[in-house]
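Trainee: Could you take me through one chain of this complex at close range, from its overall build to the surfaces where it meets its partner? I would like one connected account that I can follow with the model open beside me.

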Amino acid sequence: MPEVRLSEVSKSFGRIEAIHHFDLEIKSGEYICVLGPTGSGKTTLLRLIAGLICPDDGKITFDGKLVNDLSPEERDIAYFPQQYALFPHLNVLENVAFGPKTRGVAYEEAKTQALKVLETVKLDQRANAFPRELSGGMQQRVALARALASGAKLLLLDEPLGALDARLRVELRYHIKSLVKSAGLTAIHVTHDQREAMIVADRIVVLRMGKVEQVGTPYHIYQSPATLFVANFVGETNFLEGTIKSVNSVGALVELQDGFRVKVQETSYLSGEEVVLAIRQELTSLMPVDYDGENAIQGEVKAVRFLGDSIRVEVILVNNLLISARIPISQVKIYPKVKDKVAISFKPADVFVFCTTARGLAKEIEVI
Amino acid sequence: MTTVKVENLTKKYGEIVALDKVSFEIKDKEYLAIIGPSGCGKTTLIKCMSGIQSPTGGDIYFDGKPVKDLPLEERGIGYVFQEIALFPHMNVWDNVTYGPRVKGWPGDRAAKVARELFELIRLSVREREYPSSLSGGARQKIGIARALASGSDLLFLDEPLGSLDAKVRTELRYEIQNIIRDLGLTAVHITHDQEEAMSVADRIAVMKAGRIVEIDEPSKLYSNPETLFVSNFVGEANFLEGIVTKVTDDTCLVESQGLSLSSTEKSKREGEKIVVAIRPDFVSMEKRVNNGEGFAGYIENQDFEGSTIRYEVVLKDHRLFTIRLPQILGGLAFNIGDEVNLSVKPEHVLIYPYPEVGVQKELALA
Amino acid sequence: MSNLSSTKNTIEKILRPLDRLSANPNARRVTYAVALIFFVSMILIPPIIGVVLKWNLIGDTLQNPILVARAESAILASFAIASIVSILDLIAGLPTAWFIVRRKAKWINVVDTLADIPFVIPTVALGFSILVFWSQPQGISGLLRIESLISPGLGLIMLLHFAFSYPIIVRIMVGELQSYDQVYEIAGRTLGASSLTAARTITLPILKPALVSAFLLAFCRSLSETGATAVVAGAFENGPIFIRNALSSVPPQQGPMVLVSLVLIVTSCAIFAFISILGPRLRFPVKKVWPNFEKRLSNPKSTLGRDGLALIVFAIFVAIPSLFVALPGIIAFTDGTVVAAFTGAGVWGVYWGSLLTSYVVALAATLMNLLVGFPMAVIITRRKFGTQVTALLNALISIPITIPSVALGVSLSLFWTAFGNLPELWTLILVHTTITYTYFVQAMAAAIESVPEELESVARTLGAHPFETFRKILIPLTKYSIFSGAIMVLTRSVDETGATTAVLAATSQIKTAPVLLVNWIRNPASVGGQSVVGLGVLFLVLTTFISLLVIRLVLRRER
């Protein structure tokens with residue numbers, strides 16, 4: 001089972017720097033998700049590892065062996081491209097058997113292997129069908145079977161669930177992970193969907209404009225985002241800008257615009273520093289308007305949105321900022337109404353504090 | 001002021017029936033979402049309503065006036081495309097003012113409307129920029145401004161967020177809905193994403209095989225759907241097969257492989273074969289201290305989802321049961337291997353007649 | 001069955017070493033380099049160098065004011081005809097293409113097929129057909145009881161060029177309209193634009209590149225055409241006819257020939273480059289809209305009127321005149337000429353020989369193209385040498401069809417005589433390879449373009465070497481296109497007259513069928529009358545017709 005290591009890898013297309021000094025170590029048997037918005041360089045990264053393009057700089061090693069100069073067919077990888085790229089002139093069985101056959105397995109033997117893999121994705125009944133005769137979901141499974149049947153131990157998945165309906169996508173997250181794990185493969189999975197990444201990954205790499213923002217377990221990334229971008233891109237987050245007024249041993253007092261003061265449990269800043277506070281929407285609670293506990297700000301309900309497992313209440317605060325609170329559906333007794341007077345509140349321990357940067361908050365969290 | 005009425009709308013492609021006598025009404029200023037799996041006919045429906053395709057039969061009324069025989073350009077609608085479809089040879093400004101221009105509005109009126117729309121969509125783009133230089137989200141915002149520019153009160157949104165990234169998709173859906181609400185428009189929104197539909201719509205129509213199977217408010221559709229198919233399509237659920245053992249005035253008891261559950265559903269007869277649906281969000285879980293009755297098991301799997309944690313519990317009869325707990329309600333307090341007791345309130349135990357085609361087939365998403 | 005699979009296995013075994021060789025990047029580089037070198041040395045350089053070599057011959061001609069004046073008016077006539085005809089074709093062909101793509105009725109297929117007729121008929125035969133229809137007693141003139149409605153000359157040349165350029169425009173625009181994403185036009189209509197407004201302000205501007213290239217192709221074809229033009233020209237001279245006359249005078253007037261060829265080569269390349277660069281900058285007037293007027297023109301009645309007019313123009317100027325090719329041939333069946341033809345008596349011996357020569361040359365040219373054109377198509381579509389080089393190559397491969405073929409022929413034959421001293425037949429094959437190269441490479445490039453590169457990527461990651469990917473993925477997915485491309489090259493070569501005339505001396509023993517037929521048509525009495533000529537033309541039409549039928553069948557199977 002391969003251990004993959006990328007060190008100082010860079011790749012440019014003309015003037016555009018797609019991947020910039022990228023470092024990553026992937027343990028054998030690990031399921032890595034590369035998460036980032038369109039244009040962040042995810043697909044480029046995958047194609048670099050597959051050997052479909054060459055890095056301008058840096059080293060890529062599999063199990064300690066340098067593979068920079070190896071062509072894709074010599075790397076022993078399985079690649080699952082966006083939109084599947086099933087061979088239209090071959091039927092399902094021949095598509096799946098293509099890998100074993102080119103690697104020199106005898107025709108009959110390759111077919112038997114392919115059938116076995118097709119069984120695991122429940123498509124052995126459609127072995128003789130051509131890709132165009134199958135639904136989108138079935139095509140996705142054929143592509144997966146083709147990748148698995150190749151026998152390669154490193155699986156590269158490019159948005160494997162991206163072309164499916166939302167509901168099906170949720171179902172298949174669990175399926176794809178258990179398939180990969182039970183086959184004992186190392187997987188690198190590229191996606192722009194943070195929820196998908198959280199479910200499937202052992203570790204997540206958050207990528208933005210060709211650079212790594214953060215690497216860590218889903219838990220780590222979610223519970224302690226390293227940058228403003230990650231705090232926004234992963235999860236649903238409220239942002240408030242303010243200035244540190246005073247700091248003591250247990251926390252700091254932050255003054256928001258229009259003079260509101262809130263407490264945070266963060267001591268590493270100096271008085272007078274400008275900061276951005278980030279609070280998860282599910283950790284922002286909705287309170288009666290006369291609530292006078294810690295960090296309470298009054299406001300008016302702007303919209304109430306039903307999300308299934310929770311509701312999202314958007315509140316316009318008295319200082320005109322918009323903040324959302326997310327309440328688990330099992331906790332909703334009465335629906336708040338638009339224009340209701342309410343208060344929002346959050347615990348000092350639940351606030352992430354970030355430095356204000358020269359680029360400004362909006363640019364810092366912008367998803368492009 | 002715009003209302004919509006659709007009566008027995010039918011569309012056939014040769015032998016294939018894409019729309020099968022669809023009827024419904026949309027109130028003035030209502031936001032209706034239409035959802036369903038691929039191939040359910042939702043796209044055909046919006047294309048027939050807007051006039052892009054002509055239906056085989058049935059009638060469509062806007063504000064009580066029949067529009068079925070009006071050509072597309074004379075229906076006075078706004079349409080937002082999944083493909084976004086900004087005119088690639090025109091800059092952003094010319095795109096937005098295209099509607100007013102082809103309607104022969106004087107230039108200053110068109111310019112005024114366009115200015116207001118640029119303000120409304122809160123997008124800092126230069127007017128001379130071409131669509132190709134914009135990000136997907138920005139392009140679709142221009143697409144919305146273009147659709148609104150000729151002052152239509154009726155907006156069709158055809159998978160408007162389908163081509164965008166997940167994060168942009170959630171942000172933009174709220175922005176679009178706010179614009180629609182603030183301008184007091186009537187909207188029809190097609191999507192395959194049930195969460196998107198629930199979060200923005202006043203009512204949702206769920207389609208399957210060319211028909212509307214259910215049309216209702218989002219919370220009703222999620223908490224108490226009328227059909228087994230909808231219960232699965234609008235969100236995750238655990239399905240258990242069983243039979244009704246006892247019916248009283250306000251509850252009914254069901255049994256599923258030795259597991260006994262009580263439900264507030266009243267329309268069932270004793271002895272009826274049924275399917276129980278329970279949403280993972282409505283189950284509570286606690287660590288088992290005593291021996292544990294019926295609804296007990298051990299945690300086999302734990303998935304961290306961010307604000308929630310998803311658990312897979314193996315019941316005593318080896319069936320797998322999914323539970324979702326919010327982090328703020330102690331969701332992280334359990335570990336794999338823990339012995340647990342589960343409980344569900346009777347109003348969250350949904351009961352449906354056993355489907356003729358079998359549960360698997362009835363629930364199939366693709 | 002087992003025999004078949006064992007053959008397959010043997011082939012596999014033979015190809016395996018090649019697969020492994022292809023894994024070596026140097027081996028791939030060599031393959032592409034060979035294709036590039038062939039292109040530069042055999043296709044690109046010779047037509048340009050050839051005339052330049054004989055540069056010194058021009059001097060004398062320039063001293064002769066009468067000759068210069070004649071050459072000047074011939075060249076101007078060429079460009080004037082090409083411009084006018086291409087614009088008229090665009091105006092007449094666009095509504096027809098629109099109508100074929102957008103109207104949904106079974107009988108549209110008939111119009112679609114009829115629009116291809118001038119394609120199916122070799123241009124010499126088309127010239128003959130137009131001649132018969134417009135200016136001979138069997139045609140419309142007979143119906144009107146006058147001797148000749150339009151006698152050979154400028155008018156008839158225009159009618160001929162209009163007819164053979166028409167299907168080029170229709171074919172290109174039908175293809176473009178089919179692949180055009182109609183969502184833009186629908187978006188325009190949801191915003192209140194009538195269908196005419198939407199077409200004018202959205203669809204046509206988006207399809208501008210296709211309109212420009214359709215115009216250019218029609219323009220180049222008109223500039224280039226020689227054989228059929230010679231048939232209908234009478235005493236009129238345009239560029240190619242001037243060269244043809246210079247060639248056939250005894251002794252050949254080399255000076256004027258080189259002069260006009262050089263001017264044609266330089267000017268046509270310049271115009272091609274000019275339009276290619278200027279075309280994308282051309283702006284359609286999309287801002288101005290006349291809502292009510294355009295709405296009235298969009299209503300069903302106006303649309304019906306427009307479609308009707310387009311169809312009438314098509315019928316009178318293209319379809320019916322083209323169909324007259326069969327008439328004199330049919331007469332030949334009644335007067336016993338057929339028997340003479342099949343016994344090979346008299347002139348028929350020469351005829352069958354020329355037909356054989358035509359096909360031998362065409363087959364050889366096709367094979368050459370398959371060998372060296374295919375790698376070139378791969379280089380272009382897969383951008384093997386980067387985006388900029390690809391754009392340059394794309395422009396350069398158009399040169400052989402940009403230059404009028406007779407000028408190309410003159411230049412090539414000067415080049416090959418000077419350097420190779422090759423036998424005439426070999427020169428002819430090389431010339432035909434050059435003439436058809438562009439068509440072949442462009443057809444193959446389009447076929448390869450239609451195969452997503454991702455398919456090859458996946459195959460590579462599954463363990464297939466580059467050559468293995470090529471033969472297991474690319475070839476199976478493009479085999480029908482390759483085959484039909486090859487047949488297209490074959491028919492194009494059989495059809496060719498301009499460059500062939502330039503290569504074969506008037507006294508040469510070798511003749512191709514169309515060259516022979518031009519002489520027959522111009523002087524029917526020399527071979528025994530109109531029915532002999534008609535039958536000769538008909539046989540040529542039949543052979544091409546069969547080839548094109550094969551393409552249709554093959555392409556149908558692909559779907």
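Mentor: Happy to. Chain B has 10 helices and 20 strands, where helices (H or I, at least four residues) and strands (E, at least two) are DSSP runs numbered from the N terminus. Before we go on, please keep in mind that this is a predicted model, in which local features need pLDDT of at least 70 and side-chain atom pairs count only at pLDDT 80 or more, while totals for chains, interfaces and linings use all residues. Residues are numbered from 1 along each chain as its sequence is written, chains are lettered from A and ligands numbered from 1 in the order in which they are written, and side-chain values use heavy atoms, with hydrogens and water left out.

Let us begin with the overall build. The C-alpha trace of chain B spans about 80 × 45 × 35 Å along its principal axes. Of its 366 residues, 60% count as buried, meaning under 20% relative accessible area, with exposed being over 50% and partly exposed in between (1.4 Å probe, protein chains only). Contacts here are heavy atoms within 4.5 Å. Among contacts in chain B between residues at least 6 apart in sequence, 65% join residues at least 24 apart.

For a local example, look at helix H1 of chain B, residues 42–50. Eight of its nine residues are buried, and among them are B:Leu45, B:Ile46, B:Cys48 and B:Met49. B:Lys42 and B:Lys47 are also on the buried list. After H1(B) comes B:Gly51, with a positive phi near 100°.

Now step back to the domains. The assignment for chain B gives domain 1 (4–228) and domain 2 (236–355); such bounds come from an automatic or database domain assignment. The C-alpha centres of domain 1 of chain B and domain 2 of chain B are 39 Å apart. Each domain brings eight residues to the contact between them. The two domains of chain B bury about 700 Å² between them, with carbon and sulfur atoms giving 60%. Buried area here is the accessible area (1.4 Å probe) that two parts lose on being put together, summed over both. On the domain 1 side, B:Tyr222, B:Ser223 and B:Leu228 lose the most area to domain 2 of chain B, together 76% of what that side buries.

What holds for charged and polar pairs across this domain interface? The rule finds zero salt bridges between domain 1 of chain B and domain 2 of chain B, a salt bridge being a side-chain nitrogen of Lys or Arg within 4 Å of a carboxyl oxygen of Asp or Glu. It does find three residue pairs in polar contact there, both residues at pLDDT 80 or more. A polar contact is a pair of N or O atoms within 3.5 Å; within protein, one must be able to donate a hydrogen and the other to accept it, and residues adjacent in sequence count only if both atoms are side-chain atoms. Helix H8 (residues 218–223) of chain B gives the most to the domain 1 side, with three residues. By class, that side of domain 1 of chain B has four nonpolar, three polar and one charged residues. Ala, Val, Leu, Ile, Met, Phe, Trp, Tyr, Cys and Pro count as nonpolar, Asp, Glu, Lys and Arg as charged, and the others, Gly among them, as polar.

Finally, follow chain B out to its partner. Its contact with chain A takes 47 residues from chain B and 41 residues from chain A. About 3,700 Å² is buried between chain B and chain A, with 57% from carbon and sulfur atoms. B:Asp165, B:Lys167 and B:Phe304 supply 18% of the area that chain B buries against chain A, more than any other three residues.

Between chain B and chain A the count is one salt bridge: A:Arg195 pairs with B:Glu195, with the closest N and O atoms 2.9 Å apart. The rule also finds 17 residue pairs in polar contact across this interface, both residues at pLDDT 80 or more. Several elements of chain B supply at least two residues each to the side that touches chain A, including helix H6 (166–183), H8 and strand E16 (296–304). H6(B) brings the largest share, nine residues.
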